[in-house]
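Hi,

Here is the structure I promised to pass on.

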Amino acid sequence: MGITRDPERKVTAVTDSAEKPSVSPTVWPGSSAPLGAGYDGGGTNFALFSEIAEGVELCLIDENGEQACIPLEEVDGYVWHAYLPTVSPGQHYGFRVHGPFRPADGHRCDSSKLLLDPYGRAFAGDFDFGQPLFSYDMTAGGDAARAETLPRVDSLGHTMTSVVINPYFDWASDRPPKTPYHETIIYETHVKGMTQTHPDIPEELRGTYAGLAHPVVIDHLKALNVTAVELMPVHQFMHDDRLLQLGLRNYWGYNTFGFFAPHSRYAANRTPGAAVAEFKTMVRTFHEAGIEVILDVVYNHTAEGNHLGPTINFRGIDNAAYYRLVDEDRSLYMDYTGTGNSLNARNPHALQLIMDSLRYWVTEMHVDGFRFDLASTLAREFYDVDRLSAFFDLIQQDPVVSQVKLIAEPWDVGEGGYQVGNFPGLWTEWNGKYRDTVRDFWRGEPETLGEFASRLTGSSDLYEATGRRPGASINFVVAHDGFTLHDLVSYNEKHNEANGDDNTDGESHNRSWNCGVEGPTDDPDILALRARQMRNIMATLLLSQGTPMIAHGDEMGRTQHGNNNAYCQDSELAWMDWSLAQTNADLLDFTRRVTQLRKDHPVFRRRRFFEGLPVRHGDEVGDIAWFTPAGQEMNQDDWDSGFDKCIMVFLNGEAIREPDVRGQRIVDDSFLLCFNAHQEEVEFAVPGGDYAQEWSVELDTAETAATEERVVPATTALPVAGRSLLVLRKVR
């Protein structure tokens, strides 16, 4: 490579001797902040952090794929920068970083690689996964990835390019819904999978941001009383070469390399950079419907993988700053995620990347919160997960990020990574204990009664000590990772053969029960039991204290045919089958009825934990009471009965201690929930006296559809079908 310099420093072009330099643009010093490529209406400022670099070049790529590379001679605080007044949106670019290539010391600079902007707002093109992407001789085996030699093969034309965007957008009167947790129902979904087969969405919009914001999707969510969509990863991600060779794809998207860019393949408009405006339009549309947008974000690792991975950005920019390396051998990467590397959240510049990204998505893209994938990884200071880590400190004091919804997946794959209940007070958490307990209860496992009661009432044992409220518990039974609700009651074993790993991938202990037959069956009794179990789980989820999360398609019985790890299945196996809205219309109607019940009655979504006390002095009945099927209040022996699978809980709508948003007392109906996880019908003696004189049957999971109102006198021996849930409302 040769460097040619303009005597007035207007341009420098770096080219191979056989190439012709492109026309030289004007170059001004520019600013070290903000990082990335920022168009201001006149020109574009470029800024890149690298502490280890000895030189950095900005390479402008034209429509023919030819480059003009400009040395960035201004450096402030390890940020290399320049302002180009003639560069406008749509310009493709990348960086080349000159510096040490010493894997043993953790340094992997390679100027033969066109590097993507870590702060890039948009990307174009694709990766071909050939030798040009790798900073070692791929034919020499794995050891070559740790050798201090470089094949020096240019990656231009084999990698994606970064794209300058137009940041200006008419948000009109957009306002965040700011739905409090206790009024929130989250719907976890996938941009492509949600819409790819919807018959009422125009074909050109299916699988896109525009398709997701289509009125038919909005109407579906509103009918379910959903208040927030949680989108599986939409940050720009890479497909794995191994999967591509198998004819598969990284469908879920947990393989990020662009933390500021919406994934370009989810845009209906494929013009480079157009995904940004389309994503913003989607958010604005959801907000108009009163629905929040939460992003599933993957800051724990990047797509570059371990030492055998490609060099596309972070590795070649400043490997030791961005990644956690093994102390004893810095050519290797610490892996708390099972993906090959872990982002170095101990480094201030890596932390800055995370915080800048979060703020960008709130301030510029108007999202309402984040779900942090494998969040324990971000909290590791040295090896252990630390509640006082710098990451938590930065989140806590940040005036922007601290004000949105923050949801942790409170575990990773490293030692000591399971941290359910241990995140700081600002955070909510995917409650893995809720998932496991509800699954065990309804499949009839012993020793679950006390645990079930704790999970049903908001898991105060996990969250109250840190000053959190029931909303801190993100309750879920099914998520993207694992069986769908239909498959949870249809399969005992995973069936992941389609993934190409001989069924060795995915979780083997699913706490599932197939109801007597593995997989599809025509047996009407088993089908009826499975349908009842789905209603049981859905009703339990939506009537528990805390913040419920529904996985997309579970409201209509979506199946993945026993595949519990559909991360690589960009196909009908993982997409929503919208014909099920008719096939399983009874389940869809049931789910709508239960979400409406939750919405209408604040006793099911209290802001504070139950106290077991009356709201006023002299009242005989507390805010909650537990009963055996015989109608007797539970004692310690009853709780310790490991074989018991039946319980009643009374929720007193007249004893809600917290006021509403205007400081007024909340008064609601009172309810009695009768849970029977036993296989046989059980008679429940409904309580009377101070509790009620008459009850009305509000919901019965043994019924496939809503029925006429049934009034039950107090103290009646009420039969509750085997494996079913009965919800009674106090009449008087």
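To start with a question: is Thr-189 buried or exposed? Thr-189 counts as buried because its relative accessibility is 2% (buried means under 20% relative accessible area, exposed over 50% and partly exposed in between, with a 1.4 Å probe and protein chains only).

Before the rest, two words on the model. It is a predicted model, where local features need pLDDT of at least 70 and side-chain atom pairs count only at pLDDT 80 or more, while totals for chains, interfaces and linings use all residues. Residues are numbered from 1 along each chain as its sequence is written, and side-chain values use heavy atoms, with hydrogens and water left out.

Back to Thr-189, which is found in strand 14 (helices, H or I with at least four residues, and strands, E with at least two, are DSSP runs numbered from the N terminus). Leaving aside residues up to four places away in sequence, Thr-189 touches Met-194, Glu-230, Leu-231, Met-232 and His-552 (contact means heavy atoms within 4.5 Å).

The buried residues of helix 3 (residues 215-223) are Val-217, Ile-218, His-220 and Leu-221. They sit on the same side of helix 3 because they cover an arc of only 160° around the axis, the arc being that of the directions from the helix axis to the C-beta atoms. As a reminder, an α-helix has 3.6 residues a turn, so residues three or four places apart point the same way. On the face turned away from the buried side of helix 3 you'll find the exposed residues Pro-215 and Asp-219. The cover over the buried residues of helix 3 includes strand 14 (186-189), helix 1 (191-195), helix 2 (209-212), strand 15 (228-231), helix 5 (274-288) and helix 15 (585-600). After helix 3 comes Asn-225, with a positive phi near 60°.

Next, the rings. Rings of Phe, Tyr and Trp (its six-membered ring) pair if their centres lie within 6.5 Å; planes under 30 degrees apart count as stacked, over 60 as edge-to-face and the rest as tilted. By this rule the count is 45 aromatic pairs. Phe-259 and Tyr-299 are stacked because their ring centres are 5.2 Å apart and their planes are at 25°. That pair links distant parts of the chain, 40 residues apart: Phe-259 is in strand 17 (residues 256-262), and Tyr-299 is in the loop between strand 18 (292-297) and helix 6 (314-322). Phe-259 is buried at 0% relative accessibility, and Tyr-299 is buried with a relative accessible area of 0%. Phe-627 and Tyr-691 make an edge-to-face pair, 5.1 Å centre to centre with 85° between the planes.

Two charges also sit over rings (NZ of Lys or CZ of Arg within 6 Å of the ring centre and within 35 degrees of the ring normal). The charged end of Arg-121 is over the ring of Tyr-360, 4.4 Å from its centre, and that of Lys-405 is over the ring of Tyr-181, 5.1 Å from its centre.

Last, strand 6 (residues 67-71): 5 of its 5 residues are buried. Gln-67, Cys-69 and Pro-71 point one way, with Ala-68 and Ile-70 pointing the other way. Strand 5 (residues 55-61) runs antiparallel to strand 6, joined by 5 bridges (two strands pair if DSSP finds at least two bridges between them). Pro-71 in strand 6 is the bridge partner of Glu-57. The two strands form a hairpin with 5 residues between them, and Gly-65 in the turn has a positive phi of about 80°.

Cheers
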